[in-house]
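Here are my notes on the model, point by point. Have it open while you read.

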Amino acid sequence: MERIPVEGGFVEGASYGTGDPVLLIHGSLIADAFAPLIKEPALAGKYRLLDYHRRGFVGSSRPPAGFTIAQQAADALAVMKHFGVGRAHVAGHSYGGTTALQLALDAPEVVHTLGLLEPGVLVGDTAVEFWAGVAQLQALYEGGDKVTAADAFMQAVVGPDYRETMARTLPAGWFEQVLADIDTFFGVEVPAIKSWEFGAAQAKRVAQPALAVLGADSAPLFVESHAALKTWLPNVEPFVLPGATHGLQMQNPRGMAEGLAAFFGRHSLS
């Protein structure tokens with residue numbers, strides 16, 4: 001990966017293949033969440049895939065205290081500029097989906113389409129329950145039990161067998177990397193997404209074609225979020241990924257790659 005300058009630091013990033021550019025923005029905890037897609041035939045060799053580690057992940061620089069979603073979006077824009085890309089399809093998973101939405105608000109001219117893989121748009125009663133659970137995990141984390149905190153969070157959003165599932169598609173050592181990066185989640189990302197403002201009013205400004213992805217077996221938290229996006233976004237296409245919960249492209253990479261490729265093909269940059 002190349003070292004890409006961003007304001008006050010750097011991120012690691014790489015460009016794979018040729019074709020219409022696609023910026024991939026990973027979610028919380030798993031820095032290589034898009035690794036399974038990069039080698040899928042539906043995308044590989046047909047699109048130019050830009051993948052990077054957000055601040056606080058793997059070798060990228062640590063984010064300062066109070067790092068916001070808007071600053072995440074600015075980093076994403078810097079990655080595009082580094083690779084000479086002026087406009088791209090943007091696919092974001094979970095926390096990366098919130099970053100993709102913010103990028104569409106802050107720099108709409110660079111976002112051609114949005115692939116929203118269960119972004120962190122948390123609404124309704126399920127969101128209240130989710131944040132109560134996160135508070136309990138935060139207490140475990142602050143008490144020094146990072147393993148239990150990470151394990152419980154992943155079980156809640158992906159499922160009890162998530163380690164076996166992820167081991168089939170992610171690079172070796174992925175869970176050890178989760179533990180190495182978990183400070184970013186609790187110290188930076190949780191407070192940032194709690195203060196992030198995104199609702200119906202902001203969504204109306206997102207005019208780009210958007211693919212709203214939901215795992216067929218995902219928890220009610222993401223079902224409720226998906227329903228909100230379908231109502232709020234003015235140019236949205238729903239997509240349900242079989243055989244997946246919130247792990248999506250890590251659980252069914254072929255299905256996710258084919259769904260994204262078909263969507264990008266319907267809205268080609270060329």
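1. Which residue follows α5, and what is its phi? That residue is Gly159, with a positive phi near 140°.

2. Quick ground rules. This is a predicted model, where local features need pLDDT of at least 70, side-chain atom pairs count only at pLDDT 80 or more, and totals for chains, interfaces and linings use all residues. Residues are numbered from 1 along each chain as its sequence is written, and side-chain values use heavy atoms, with hydrogens and water left out.

3. Back to α5. Helices (H or I, at least four residues) and strands (E, at least two) are DSSP runs, numbered from the N terminus. The 12 residues of α5 reach 17 Å from first C-alpha to last, close to the 16 Å expected at 1.5 Å a residue (1.5 Å times one less than the number of residues). Its buried residues (under 20% relative accessible area, with exposed over 50% and partly exposed in between; 1.4 Å probe, protein chains only) are Ala149, Ala150, Asp151, Phe153, Met154 and Val157. Their cover includes α4, α6 (162-167), α7 (174-195) and α9.

4. Now α9 (residues 220-232). Buried here are Leu221, Phe222, Ser225, His226, Ala228, Leu229 and Trp232.

5. On to the cores. A nonpolar core is a set of buried Ala, Val, Leu, Ile, Met, Phe, Trp, Tyr and Cys residues joined through side-chain atoms within 4.5 Å. The largest has 42 residues, of which Leu23, Leu103, Leu114 and Phe198 touch the most other members. Helix α2 (residues 69-82) gives the largest share, seven residues. Apart from this core lies another of 28 residues, among them Leu29, Ile30, Val158 and Met250.

6. Last, the sheet. It is open, with eight strands in the order β1-β2-β4-β3-β5-β6-β7-β8 and mixed pairing (two strands pair if DSSP finds at least two bridges between them). β1 (2-6) and β8 stand at the edges with a single partner strand each, so one side of each has no neighbour in the sheet. Strands β2 (residues 9-16) and β4 (residues 47-53) pair in the antiparallel sense over five bridges, and Ala14 has Asp51 in β4 as its bridge partner.

Note on methods
Contact = heavy atoms within 4.5 Å.
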